[in-house]
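Morning, everyone. I have one structure for you today. Please look at the screen.

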Amino acid sequence: MTAVVPRDDPRARYRIEPTVGQALRSPRILTREVLAGLVVAIALIPEAIAFSIIAGVDPRLGLFSSFVMAVAIAFLGGRPAMITAATGAIALVIAPVAREYGVDYLIATVILGGLIQIVFAALGVAKLMRFIPRSVMVGFVNALAILIFTAQFPQLFGVDIPWLVWPLVAAGLVIMYLLPRLTKVVPSPLVAIVVLTAVVVSFGVAVPTVGDQGDLPESLPQLLIPNVPFTLETLSIIAPYAVAVAVVGLLESLMTAKLVDDITDTHSRKTREAFGQGGANILSGIFGGMGGCAMIGQTMINVKASGARTRISTFLAGVFLLVLVLVLGDVVAVIPMAALVAVMIVVSVATFDWHSVRLSTLKRMPKSETLVMVVTVAITVWTHNLAIGVGAGVIAAMVLFARRVAHFVTVTRQVDDAAGTARYTVDGELFFASSNDLTTQFEYSRDPDTVTIDMSRSHVWDASTVAALDAIQTKYTHLGKSVTFEGMNDATTQFHGRLSGGLGAGH
């Protein structure tokens, strides 16, 4: 039975998703959700392992994270059918912690990052997503793709890497490129991994394998408390990385949720999703995982390719993942790293927004938008920190926007010599950028004794503008001339009246 949504409810603009109860009562929907979960679980295995390698930890940490987070977000999240697991973005953020301080500090960082996400959710940070420009989001995605790609270099050009790795990677890329043209029933990354593993095992090719990177799990994850001293020194070490985990995780998750909203023409609860991501990361850390966030690639497999729409598919993706790893752990250990490198190269290429760098697009886009995207990419790749890159992109967008709108304010002057009056008309939005040089656009000494400033076509937004208006009035007063502001709308009148005279206006 379909729920009735009141006409004034925002959800009335969207389609109504099937509920879990409806899915369980419908064999058709349930079958679709189960198969979608199985396909996603298969696709999660190679990426979870590869992201573990990027983070510099045993593959089991990535696999445990993917299992725990997928199951947790199925209950806690605000976007049904979205997949949350170990991701490259979080792996890149926490890699320095594992490398410099060890796994226990990494787990503590993940737990603290989850707590920070919950605090952010309580503060309504999810609602601030609307203030992140599209150019910053495009830069974020492109930088993520570049970092995932460059993270494969040690497995391709590192010390003691045999030359046979390169033809194996090339073969994997060919399989993943050609197979979807023939059939999409089986995920092409899985086929590439199976084929390359069979070749390596059959011919005894000596190349690095997943088993060389660390032990795979042989049992269910267990609760643990990270073995770190509970001191301010520990907090000072993990806090910067934890904040980065929280910011990057929420950014990628909320961006993915928005993408799924658009694809399915449905509405999700972004604040609940932020709470859910925090809870999932805390549980991941408690069970010894490396943390993560929403996965764009696997979510698209689940929603777009498989047609999943409920939490059942997300839950089963986690369950199937654990079953496959525990039952087939020995097989997973002999997978050549070359296969995973090929998978991650394909992921990075698919993640990159190639449309954004086409010459035709760059010609149409405003130069400021392109500059913001380039700043976001450059800072992110330079610092290897997605949060810093996004922050720099947002600041660049704000500065460029302020500079652009600052030129939209015009001041026109009309003088009536017979009446001995001057009339100025201010046209445009007045805030700190546009009102910065407002005081220079008046002819103080040349104006007659009576001056009128028409504000009917403008609006005062901040205290900087009120201070500028006070400065104008002060200049005329010192010259013995009277000035009158007229045409202010109610909001401007109240704002100006409340602040005027108390801001230290001067020459």
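Aspartate 261 and arginine 79: are they buried or exposed? Both are buried. Buried means under 20% relative accessible area, exposed means over 50%, and partly exposed lies in between (1.4 Å probe, protein chains only).

Before more, some ground rules. This is a predicted model, where local features need pLDDT of at least 70, side-chain atom pairs count only at pLDDT 80 or more, and totals for chains, interfaces and linings use all residues. Residues are numbered from 1 along each chain as its sequence is written, and side-chain values use heavy atoms, with hydrogens and water left out.

Now the overall picture. The protein chain has 507 residues, and 50% of them count as buried. Its secondary structure comes to 20 helices and six strands. Helices (H or I, at least four residues) and strands (E, at least two) are DSSP runs, numbered from the N terminus. The C-alpha atoms fill a box of roughly 100 × 60 × 55 Å along the principal axes.

Next, salt bridges. A salt bridge is a side-chain nitrogen of Lys or Arg within 4 Å of a carboxyl oxygen of Asp or Glu. The structure holds nine. Back to our opening pair: aspartate 261 and arginine 79 meet in one, at 2.6 Å, N to O. Aspartate 261 sits in helix 10 and arginine 79 in the loop between helix 3 and strand 1, so the bridge ties together parts 182 residues apart in sequence.

Look at the strands now. Arginine 423 bridges to aspartate 454, with the closest N and O atoms 3.5 Å apart. Arginine 423 is in strand 4 and aspartate 454 in strand 5, so this pair ties together parts 31 residues apart in sequence. Arginine 423 is partly exposed, at 31% relative accessible area. Aspartate 454 is buried, at 11%.

Last stop: the surface. Which residues make the nonpolar patch of about 670 Å²? Among them are Val201, Leu220 and Leu326. Patches take residues with over 30% relative accessible area and no salt bridge; like charges are joined within 9 Å, nonpolar side chains (Val, Leu, Ile, Met, Phe, Trp, Tyr) within 5 Å. Areas come from the Shrake-Rupley method with a 1.4 Å probe; for residues, only the protein chains shown count as cover. Helix 13 gives the most to the patch, with three residues. Valine 201 belongs to helix 9. Why does leucine 220 count as exposed? Because its relative accessibility is 53%. Leucine 220 lies in the loop between helix 9 and helix 10.

That's my tour. Thanks.
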